Amino acid sequence: MALKAHDILLSHLCSSRDCQLAYCWLSRCCAVCPAWQKAVQKYLSTLHVLDFCGHEAQVAGTDVLCALAHVAGTNLHTLDLGGCQGISEEDMTEILRVVRVSCRSVENINVMACQDKAHLRAAAIGAQSHFGCASPRELFEHLQVQREEGTSHCPWADLCAILLPHLRLDPNFDPGPAALLEAVQASSAWDVALLVSVSFLV
């Protein structure tokens, strides 16, 4: 059977490692007709890049998890959550868990301009994974090794550099003076370990 035009288009666009085709655009194609819906579902798992370009303000954690369920596999290498302010810290925890379990080929995750608590949670999970920590105390100890000379803290910018290229954080991020108290009250042990170990720009 000859390939339809949409099959040819999607096959070419989705198979390119440099393709910046947005998942949101592909999702809209599903509404064109049943044939387009079937074709899009077929090629979603071949995407190398998952982003929400142009729709960041409307994206919630459930949207990201739904998208990951469609693109899970060995082809995805970049997850761009930049600017997605609707992602909570709980969402971020689950998103990174799903990536670790179902999208093991992901090499780059961008959380720039996500809401502060989600950004902080991504950093804590990223550091935990990078150093292979089994407990928040181990994370604290690893970050103490990275501390700046003459201080008891690891500079945030240094941690950002350590976690590149797998996790892209904002080197100018500052969670604010209330972040530690909020993390303690929420019993977020990994966030607390990070906050007491890192110095931020003010």
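How many salt bridges does a search of the whole structure find? The search finds four, a salt bridge being a side-chain nitrogen of Lys or Arg within 4 Å of a carboxyl oxygen of Asp or Glu. Side chains of opposite charge can pair when their charged atoms come close.

This is a predicted model, in which local features need pLDDT of at least 70 and side-chain atom pairs count only at pLDDT 80 or more, while totals for chains, interfaces and linings use all residues. Residues are numbered from 1 along each chain as its sequence is written, and side-chain values use heavy atoms, with hydrogens and water left out.

Please select E94 and R97 to begin. Their closest N and O atoms are 2.8 Å apart, forming a salt bridge. Both residues belong to helix α5 (residues 89-102), three residues apart, about one turn of the helix; helices (H or I, at least four residues) are DSSP runs, numbered from the N terminus. E94 is partly exposed at 29% relative accessibility, as is R97 at 37%; this class lies between buried (under 20% relative accessible area) and exposed (over 50%), using a 1.4 Å probe and protein chains only.

Next, select K117 and E182, whose side chains meet in a salt bridge (3.9 Å, N to O). K117 lies in helix α6 (residues 116-131) and E182 in helix α9 (residues 179-185), so the pair ties together parts that are 65 residues apart in sequence. K117 is partly exposed, at 38% relative accessibility, and E182 is partly exposed, at 37%.

Finally, select D191 and R121, a salt bridge at 3.0 Å, N to O. This pair links distant parts of the chain, 70 residues apart: D191 is in helix α10 (residues 189-195) and R121 in helix α6. Both D191 and R121 are buried.

Technical notes: Helices (H or I, at least four residues) and strands (E, at least two) are DSSP runs, numbered from the N terminus.
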